[in-house]
Amino acid sequence: MNPQKVHREHVAKLEDLPNIGKAMAADLRGIGIVAPAQLAGRDAYQLYEALCRKTGVRQDPCVIDTFLSIVFFMDGGEALPWWAFTQQRKRHLVQLGGT
């Protein structure tokens, strides 16, 4: 969902989360996340790795940004567009020695 249209009090299903549409909701369900509350306190990088393992494909790194956005939101943060997390992801991956 477009982050500008997200209202925390109406988040009941994955598609109610910022930046999550039908396809990404299906991906989340594929790794065992069926409710938004399950994202609170999770590690977005671990979610990404789980998705890559499940699909057998290295997902686009922007998926990490999306996961960062929804974990941030479910931990009480503002609903932000996924690209607001791109620099955070890039810094993290550089610290790990990746790109």
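User: Where does aspartate 16 lie?
Analyst: Aspartate 16 lies in the segment before α1 (22–30). Helices here are DSSP runs (H or I, at least four residues), strands are E runs of at least two, and both are numbered from the N terminus. This is a predicted model, so local features need pLDDT of at least 70 and side-chain atom pairs count only at pLDDT 80 or more, while totals for chains, interfaces and linings use all residues. Residues are numbered from 1 along each chain as its sequence is written, and side-chain values use heavy atoms, with hydrogens and water left out.

User: Is aspartate 16 buried or exposed?
Analyst: Buried, with a relative accessible area of 12%. Buried means under 20% relative accessible area, exposed over 50%, and partly exposed in between (1.4 Å probe, protein chains only).

User: What does its side chain reach?
Analyst: The side chain of aspartate 16 reaches the backbone nitrogen of alanine 12 at 2.8 Å. That is a polar contact: a pair of N or O atoms within 3.5 Å. Within protein, one atom must be able to donate a hydrogen and the other to accept it, and residues adjacent in sequence count only if both atoms are side-chain atoms.

User: And which residues does aspartate 16 touch?
Analyst: Not counting residues up to four places away in sequence, aspartate 16 touches Met1, Val6, His10 and Val11. Contact means heavy atoms within 4.5 Å.

User: New topic. What is the phi of asparagine 19?
Analyst: Asparagine 19 has a positive phi of about 70°, although it is not a glycine. Most residues other than glycine have a negative phi. Asparagine 19 is also in the segment before α1, and counts as buried at 17% relative accessibility.

User: Which residues have the most contacts inside the largest nonpolar core?
Analyst: Leu17, Leu28 and Phe67, in a core of 27 residues. A nonpolar core is a set of buried Ala, Val, Leu, Ile, Met, Phe, Trp, Tyr and Cys residues joined through side-chain atoms within 4.5 Å.

User: Which elements give two or more residues to this core?
Analyst: α1, α2 and α3 (62–74) do.

User: What does leucine 17 touch?
Analyst: Its contacts include Met1, Val6, Pro36, Ile70 and Phe73, not counting residues up to four places away in sequence.

User: How many residues of α3 are buried?
Analyst: 10 of its 13 residues, so by the cut-off of under 20% α3 is mostly covered. Among the buried ones are Val63, Asp65, Phe67 and Ile70. The cover includes α1, α2 and α4 (86–95).

User: What is its reach from first C-alpha to last?
Analyst: α3 reaches 19 Å, close to the 18 Å expected. The expected span is 1.5 Å times one less than the number of residues. Just after α3, glycine 76 takes a positive phi of about 105°.

User: What sits over the ring of phenylalanine 73?
Analyst: The charged end of arginine 8, 4.0 Å from the ring centre. The rule asks for NZ of Lys or CZ of Arg within 6 Å of the ring centre and within 35 degrees of the ring normal.

User: How many aromatic pairs are there?
Analyst: The count comes to 2. One of them joins tryptophan 82 and tryptophan 83, edge-to-face, at 5.6 Å centre to centre and 85° between the planes. Rings of Phe, Tyr and Trp (its six-membered ring) pair if their centres lie within 6.5 Å; planes under 30 degrees apart count as stacked, over 60 as edge-to-face and the rest as tilted.

User: Are those two tryptophans buried or exposed?
Analyst: Tryptophan 82 is partly exposed at 29%, and tryptophan 83 is exposed at 56%.
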